[in-house]
Amino acid sequence: MLQRRAVLGAALALPALAGAARAQTDYPDHAIRIIVGFAPGGATDITTRLLAPRLQTALGGIAPVVVENKPGGSGNVATQAVVNAAPDGYTLLMGTISALAINPSLFSDLPFNPQADLTPIGLFADVLNILVVPADRPWKSLPELIAAARARPGALNYSSSGIGGAGHLGGALLDHLAGIQTVHIPYRGGGPAMTDLVSGKVDFSFATAPTALPLIEAGKIRALAVPTARRSTLLPDVPAVAETVPSFEVANWYAMLGPKDLPKPIVTRLSAALQECLREPALASDLAQHGAEARPSTPEELAAFLRSETEKWRPILKSSGAKAE
């Protein structure tokens, strides 16, 4: 009797298994959504929209790849939407440093764990941030800015697009490693943060390249340094912060992930397609125009990177006293 039940159970399971296998073989056969956790027009949105049509082509060109914006909670709203989605490869996340590596330490009641509740597919891009000051400030270099901050602890302030983003982290890490004390002023977006910087209401900012470069070229703000490990090819004459403050690096990165339990064949297909796109010279050129650089990786490399980034920022966030808004 038990043997007959086992055979019957296996027979009943065969259609479902065959259907799942067929779905993976036919993937993708309808539209894929890439969820972005910020409003249209920002750096994450712009660069993801550059990727979407190329990813569609790399996946066979049949199923559309569309970008859907779900702003809110420093990327938490978008991340939750993907965590809750079916693990079928049709809902993906373009995650950022804030949602994937910062928020687990910043939000005490975060309802998901990015490392446990998402499936890594691959890194996408690094987007350059630039340490800038208003044109009317006297500082012509990073050492001069640090000296001014040391002379007046707590007097200088910096703007960012919000708590937990790369701009906030740049200021917090500068305080931590340079031994200075400045005041963080978070805004609800990079636009307002840059407006008050240009007007002189704040002293400095780690701003994204798409926002900062036109104002640098117009002479309204001045670039002092870039927070990458080495100088950027985009601004080769601007020193890296690490030239003055050793070990300083804030990588403003984006990565693609799917829901937990995404089938291995789909992960492999998406990873290969993403890496194919990132090898395309035309995409590299388009990304560079927006201060971004392609950063391909395997799913395993992304998983290890998420672990290291989360652990890197945990003590810095704790010492900065940053709280979720």
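Author: Two strands are taken to pair if DSSP finds at least two bridges between them. In this predicted model, strand β6 (residues 157-160) and β7 pair in the parallel sense over 4 bridges, and Y158 stands opposite H184 in β7.

Helix α6 (residues 142-151) packs on the sheet, where β5, β8 and β9 are touched by the helix. The direction of α6 makes about 95° with that of β9.

The sheet as a whole is open and has 5 strands, in the order β7-β6-β8-β5-β9, with mixed pairing. Strands of a sheet pair through backbone hydrogen bonds, either parallel or antiparallel. The edges are held by β7 (183-186) and β9; each has a single partner strand, so one side of each is left without a neighbour in the sheet. From one strand to the next, the twist averages 35°.

Helix α9 (residues 209-217) also belongs in this picture. Its residues A209, A212, L213 and L215 are buried. Just after α9, G219 takes a positive phi of about 80°.

As to confidence, the mean pLDDT of the protein chain is 89, and 90% of its residues reach 70 or more.

Technical notes
Residues are numbered from 1 along each chain as its sequence is written. This is a predicted model: local features need pLDDT of at least 70, side-chain atom pairs count only at pLDDT 80 or more; totals for chains, interfaces and linings use all residues. Side-chain values use heavy atoms; hydrogens and water are left out. Buried means under 20% relative accessible area, exposed over 50%, partly exposed in between (1.4 Å probe, protein chains only). Helices (H or I, at least four residues) and strands (E, at least two) are DSSP runs, numbered from the N terminus. pLDDT is the predictor's confidence in each residue, from 0 to 100. Axes are lines fitted to C-alpha atoms, for helices over the stretch in contact, and angles run from 0 to 180 degrees between N-to-C directions. Contact means heavy atoms within 4.5 Å.
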